[in-house]
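Work through the following exercises with the sequence and the model open. Each task is followed by its solution.

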Amino acid sequence: MYVAAKVDEEKCNGCKLCIWACPDPNVILYKPTKKIAVNQSRCKGCGLCAAACKRGALEIDAV
Amino acid sequence: MSKRNLCQISPGFEEIMPAEYRDLVERGPYGKGWGVAEMGSFKELIEEHPLCAGCGLALSMRLILVSLPSPEDTVVVGSTGCSALAFPQVALHNIHSLFGNQNAVASGLKRALALRFPGRVKDVVVIAGDGATCDIGLDSVLHSWFRGEKITTIMLDNEAYANTGGQESGMTQRGTVLNMAPKGKKFGKVAVPEIARESGCVYVAVTSPAKPKNMEKAVRRAVLLARDLGPTYVQLLCPCPTNYKFKPNETLDRIRDQEKQGHFRPREYYTPEAEAFIRQLEEAKG
C-alpha cells in the first residue's frame, strides 16, 4: 500500500537534481560520500525525484 | 549582526527536547548563509508537512525558506489557503492573518519592527496563495505597494482555490474546468506582475520551482531590495496535482510544458535604481 523512493547507489552521481525536486523537506539527504540517501519513513512517494533523475537511479517501489 | 548562538537549548533540557528540535539547533541554517546549492546537507526550516504528494506549492515553500538571505531576522506573514497548512511546521516567526489581510498585517509589522529593533535589519516576507494575493486581498496588496512599504510579497500561484475543492481564482487560465468550476473560466489570468510594476514595486519576478537556482536568485534579490528600496513582488507557478488531476510526478514537467506552450512566461522587471543596486550587490559578491 505504501510506496517510497529507493536509490540505486551505483547509478547515483550526487548531482542533487532529486533534492531540488522533492516537495518534502529532509527526505532526500546528501551524504558525505557524495551520494544521496532516502528517508523512506517520510517519503510520500510522489515520484518527482525519479522524474528529475537523469541517470535513472531512483525508483518508486512498495516499502 | 554577529553570528552568536541564535538557536540553543537551555542547559539541562538537552535530553527531553524533541529530536527535530535538537537537529535544528545542531545542523540548522541560522546565520550560516546557506542556499539551494547546499540543500540536503543541513536541517531545513520546514518540517514534515501535511500537503499532498507532489505539491508544487510545498516545493516552492521549501525553496523559498532555503533562499532567504537571513532566516534568523525574517518574519513570515501567511494567509489562509494550502500554504497555511504548512506554516505550523516552519521554524521561523510567522503570523497567520485573516484571509486577504496579509499585506496590511505585514505593513504594520515592518513599522513595529523598525521601532522595536532600530539598529537591526528585519525582513518581512509575505507568502500567500493566489486567492489571497490576487482575489480576496488585492486591495491590501495594492495599497501596500502604493504606500511603498518595504516588504516582499511572494505569491504561490497554483491557479485555483485548491484547499476548498477547486474553485477558479483570478489566476486560473482561460477555459480551465475544475471540480467547482464546471463551465470553464471565462477570462484569462490577471496580469498581477504588470500591475505590480505599475503600482510601485521596484522589483518583480515571475519564476517557478522548476529552476531552483533561478528562483533562489529572484527571492534573494526581492528580499534584499525590499530592505532598502521599496516593495518587491515574486510570483511562483506551482501546479496542483490534486485539483488539476495529473500524476504527482508530473508537476515539474507541467511547468516546462506550460512554458513551451507560452502559457507561462518567466520574466523580471526592475526600476533603474534596483538594477544599479543589483549590479552593485553582484559586484560585491564577486
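Helices (H or I, at least four residues) and strands (E, at least two) are DSSP runs, numbered from the N terminus. The model is predicted.

**Exercise 1.** Locate A:Lys34 relative to the strands of chain A, then state its phi and decide whether it is buried or exposed.

Solution. Start with the position: A:Lys34 sits in the loop that links E2 and strand E3 (36-38) of chain A. Next, the backbone: its phi is near 65°, which is positive although the residue is not glycine. Most residues other than glycine have a negative phi. A:Lys34 has 11 of them, so it is exposed.

**Exercise 2.** Do likewise for A:Lys16: give its loop, its phi and its burial class.

Solution. A:Lys16 belongs to the loop between strand E1 (3-7) and H1 of chain A. Its phi is positive, about 70°, and it is not a glycine. For burial, the cut-off is 20 or more other C-beta atoms within 10 Å. A:Lys16 has 20 C-beta neighbours inside 10 Å and therefore counts as buried.

**Exercise 3.** Describe the side of chain A that touches chain B, by number of residues, by element and by class.

Solution. First, the count: chain A contributes 21 residues to the contact, and chain B contributes 21 residues. Second, the elements of chain A giving two or more residues to this side are helix H1 (17-21), strand E2 (28-30) and helix H2 (48-52). H2(A) supplies the largest share, 4 residues. Third, the classes on the chain A side: 14 nonpolar, 3 polar and 4 charged residues.

Notes
Residues are numbered from 1 along each chain as its sequence is written. Chains are lettered from A and ligands numbered from 1 in the order in which they are written. This is a predicted model: local features need pLDDT of at least 70, side-chain atom pairs count only at pLDDT 80 or more; totals for chains, interfaces and linings use all residues. Two residues are in contact if their C-beta atoms, placed from the backbone, lie within 7 Å. Ala, Val, Leu, Ile, Met, Phe, Trp, Tyr, Cys and Pro count as nonpolar, Asp, Glu, Lys and Arg as charged, and the others, Gly among them, as polar. A residue is buried if 20 or more other C-beta atoms lie within 10 Å of its own, exposed if 12 or fewer, and partly exposed in between; C-beta atoms are placed from the backbone.
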